[in-house]
Amino acid sequence: MQELDRVQIHFDSNNLWILNIALAVVMFGVALGISVADFKALIKTPKVVLIGLFSQFVLLPLLTYGFIVLVNPQPSIALGMMMVAACPGGNISNFMTHLAGGNTALSVSLTAFSTFIAIIMTPFNFEFYGNLYQPTAALLQDVSLHPFDMVQIVLLILGIPLICGMFVRNKFPKTAIRLAHWLKPFSIIVFVGIVIIALMNNLDVFSEYIHHVLVLGISHNILAFLLGFLIARAFKLSYENQKTLTIETGIQNSGIGLLLIFTFFNGLGGMAIMAAFWGIWHIVSGLLLSYFWSSKLVIKAQTV
């Protein structure tokens, strides 16, 4: 077994509970922005949302598997890439889409629907591709991971907060809007703080092994952005929706990935480092891409 496959990232159990709560609050905050009208709109025009979900849960895991076969990373790093690709979109994508001049309503809908579907698809994609690739299949056998255990965790962290948030939104819409205004930024700050704590507590491990995931993580993220953009162009979506699908496919909820890694894999080195690096890098790359598109909007407005 290669070196990183033996390294473990230490994460205090109290911090793990805080991470659980922070992620649940994030999902609750996302659901506060979903109304019955959103579902009615989906029924009337399902094409764009279905394309986004197809890109997120079918093409991205498949692309990730092909990339892993091509570059042959250490097995634990490969598992980390599979875990990230199996996760739903991150809710920070809503802000980035707004900044980029994309379809913010579509972004919110995709984040919500992908989160619901992730209850089943995240465990399925991770198990399917993890067992399909022989080096990672050996690691999964050592862990003896049962898919239903992962489904239970994902249901608790994603499903229940979403249902509760949607209930509050539809029963108390004004309260929901006020809560969403505060909960989203607060929970994101808590999540980022937890990641920073994990980094600081394992600084020696991260500094020693970060070079193993640096190029892979950046390349994987760029491929995810390109996938979202190209699939949107292939289906001849509007430029506004092309930007939205690009960001939704490239911004993954790596917090869910980290939670599952620390819960089921005891912070397995390559997995945890890859997911943590992605959690930081995709914010940087997403903001850079959003700023690029927003600057083009400003230039276009000035020339009109």
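Colleague: How are residues numbered, and which pLDDT do local features need?
Modeller: Residues are numbered from 1 along each chain as its sequence is written, and side-chain values use heavy atoms, with hydrogens and water left out. In this predicted model side-chain atom pairs count only at pLDDT 80 or more, totals for chains, interfaces and linings use all residues, and local features need pLDDT of at least 70.

Colleague: Is Thr136 buried or exposed, and what is its relative accessible area?
Modeller: Thr136 belongs to helix α7, residues 134-143, where helices are DSSP runs of H or I with at least four residues, numbered from the N terminus. Buried means under 20% relative accessible area, with a 1.4 Å probe and protein chains only. Thr136 is therefore buried, its relative accessible area being 0%.

Colleague: Which backbone oxygen does the side chain of Thr136 reach?
Modeller: Beyond four places in sequence, Thr136 is in contact (heavy atoms within 4.5 Å) with residues including Pro75, Leu79 and Met82. At 2.8 Å, its side chain reaches the backbone oxygen of Tyr133.

Colleague: Which residue follows α10 with a positive phi?
Modeller: Helix α10 covers residues 203-234. After α10 comes a residue whose phi is positive, near 60°, namely Lys236.

Terms used. Helices (H or I, at least four residues) and strands (E, at least two) are DSSP runs, numbered from the N terminus. Buried means under 20% relative accessible area, exposed over 50%, partly exposed in between (1.4 Å probe, protein chains only). A polar contact is a pair of N or O atoms within 3.5 Å; within protein, one must be able to donate a hydrogen and the other to accept it, and residues adjacent in sequence count only if both atoms are side-chain atoms. The expected span of a helix is 1.5 Å times one less than its number of residues.
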